[in-house]
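Morning, everyone. Please have the sequence and the model open side by side. Let's get going.

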Amino acid sequence: QVQLVESGGGLVQPGGSLRLSCAASGLALNYIAIGWFRQAPGKEREGLSCISSISHSDGTLYYEASVKGRFTVSRDNAKNTVFLETNSLTPEDTAVYYCATDRLPGCWYAGYTDLEVWGQGTLVTVSS
């Protein structure tokens, strides 16, 4: 069974950091592209970043301008896990964060959200 499980969310003060994890079972993350998305209350789900497969040189894309320079996506092949390092968090970053994949090696175009496999999400709350 193919499954993605996010973890690492929580309550953090403005300016703080969190490291989100996306662990996979039933598929090898180093051969497929994995993306991070988020959905804030009352807003549509938005794509944040993507890391492509080894065959695509682990290329990374950051779709959302507001996270460029603050968020970093990476992968640990030995742990079959993708990470999203989030820094300098603001209340506007409060959302449920998801990882997802289409089980293809390359990343997708900006705005695409109709991916095949999704995790259950992890809640990030930025508040003082």
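Tyr31 lies in the loop between S3 and S4. Strands here are DSSP runs of E, at least two residues, and helices are runs of H or I, at least four residues, all numbered from the N terminus. This is a predicted model: local features need pLDDT of at least 70, side-chain atom pairs count only at pLDDT 80 or more, and totals for chains, interfaces and linings use all residues. Residues are numbered from 1 along each chain as its sequence is written, and side-chain values use heavy atoms, with hydrogens and water left out.

Is Tyr31 buried or exposed? Exposed: its relative accessible area is 59%. The cut-offs are under 20% for buried, over 50% for exposed, and partly exposed in between, with a 1.4 Å probe and protein chains only. Now look at what Tyr31 touches. Setting aside neighbours within four places in sequence, Tyr31 contacts Ser53 and Pro105. Contact means heavy atoms within 4.5 Å. Ile54 is 23 residues from Tyr31 in sequence, yet their C-alpha atoms are 6.0 Å apart.

Next, the inside. Nonpolar side chains in soluble globular proteins tend to be buried together. A nonpolar core is a set of buried Ala, Val, Leu, Ile, Met, Phe, Trp, Tyr and Cys residues joined through side-chain atoms within 4.5 Å. The largest one has 26 residues. Among those with the most contacts inside it are Leu29, Trp36 and Tyr97. Elements giving two or more residues to this core include strand S3 (18–25), strand S4 (34–39) and strand S9 (95–101). S3 gives the largest share, four residues. A second, separate core has eight residues, including Tyr63 and Trp108.

On to the rings. Rings of Phe, Tyr and Trp (its six-membered ring) pair if their centres lie within 6.5 Å; planes under 30 degrees apart are stacked, over 60 edge-to-face, the rest tilted. How many aromatic pairs are there? Four. Phe37 and Trp108 are stacked, because their centres are 6.2 Å apart and their planes at 15°. Phe37 is in strand S4, Trp108 is in the loop between S9 and strand S10 (117–118), and the two are 71 residues apart. Both are buried. Tyr109 and Tyr112 are tilted, because their centres are 5.3 Å apart and their planes at 50°. Tyr109 is exposed, at 57% relative accessible area.

Last stop, Arg45. Its charged end sits over the ring of Tyr98, 4.1 Å from the centre. That label needs NZ of Lys or CZ of Arg within 6 Å of the ring centre and within 35 degrees of the ring normal.
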